[in-house]
Amino acid sequence: MANTKNTSESQDSQEPQESQESRTEDDNRATARRPRPMQVLREARAQFAELTNLTPESVTSFEQTDDGWSLEIEVLELARVPDTMSLMASYEVELDDEGQLAGYRRLRRYERGRSDAQRHGGR
């Protein structure tokens, strides 16, 4: 009888462990599908460059949103001499939760040598 009792106790203790393992596997799969921030950043720059034929010079903001990711990218739009007269542009780029480009829009254009007097939206 002692063997039967031990066997049923060990089966009872295995069930919660199996449930916990399946929850952990589900969590791991969800985490594996969610791209890491640096992956998103690199992929966003590459997708934006391919789509617009503009090379991102810097990413000035980057945040996770309810729907995915949002970042602001600065690019050289028109090279001039001297370089301080070149035209730069700042773009808002939206990505879905898998890191795929969902849209972009130009926020502003400015000469490289000019400082920010006033940011977009009065910030």
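Which residue does Glu111 meet in a salt bridge? The partner is Arg114, with N and O 2.9 Å apart. A salt bridge here is a side-chain nitrogen of Lys or Arg within 4 Å of a carboxyl oxygen of Asp or Glu. Glu111 is buried at 19% relative accessibility, whereas Arg114 is exposed at 56%. Buried means under 20% relative accessible area, exposed over 50%, and partly exposed in between, for a 1.4 Å probe and protein chains only.

The model is predicted: local features need pLDDT of at least 70, side-chain atom pairs count only at pLDDT 80 or more, and totals for chains, interfaces and linings use all residues. Residues are numbered from 1 along each chain as its sequence is written, and side-chain values use heavy atoms, with hydrogens and water left out.

The fold was examined next. Four strands form an open antiparallel sheet in the order β1-β2-β3-β4. Because β1 (56–64) and β4 stand at the edges with a single partner strand each, one side of each has no neighbour in the sheet. The twist averages 20 degrees from one strand to the next. Strands (E, at least two residues) and helices (H or I, at least four) are DSSP runs, numbered from the N terminus. Two strands pair if DSSP finds at least two bridges between them. β2 and β3 pair in the antiparallel sense over ten bridges. Ser70 has Glu94 in β3 as its bridge partner. Helix α2 (residues 37–52) packs on this sheet and touches β1, β2, β3 and β4. The direction of α2 makes about 130 degrees with that of β1. Axes are lines fitted to C-alpha atoms, for helices over the stretch in contact, and angles run from 0 to 180 degrees between N-to-C directions.

Salt bridges number six in the model. Asp83 and Arg112 form one of them, at 3.3 Å from N to O. Asp83 lies in the loop between β2 (68–78) and β3 (87–96) and Arg112 in the segment after β4 (101–111), so this pair ties together parts 29 residues apart in sequence. Both residues are partly exposed, Asp83 at 44% relative accessibility and Arg112 at 29%. A network of salt bridges links Glu57, Asp83 and Arg112. Another salt bridge joins Glu92 to Arg105, with the closest N and O atoms 2.8 Å apart. Glu92 is in strand β3 and Arg105 in strand β4, so the pair ties together parts 13 residues apart in sequence. Arg105 is partly exposed, at 43% relative accessibility.

Strand β3 also holds Ser90. Ser90 is buried, with a relative accessible area of 0%. Its side chain makes a polar contact of 2.6 Å with that of Glu72. A polar contact is a pair of N or O atoms within 3.5 Å; within protein, one must be able to donate a hydrogen and the other to accept it, and residues adjacent in sequence count only if both atoms are side-chain atoms. Residues up to four places away in sequence aside, Ser90 touches several others, including Ile73, Arg105, Leu107 and Tyr110. Contact means heavy atoms within 4.5 Å.

Aromatic pairs number four in the whole structure. Phe62 and Trp69 form a stacked pair, 5.3 Å centre to centre with 10 degrees between the planes. Rings of Phe, Tyr and Trp (its six-membered ring) pair if their centres lie within 6.5 Å; planes under 30 degrees apart count as stacked, over 60 as edge-to-face and the rest as tilted. Phe62 is partly exposed at 31% relative accessibility, whereas Trp69 is buried at 5%. Ring pairs also link Phe48, Tyr91 and Tyr104 into a cluster.
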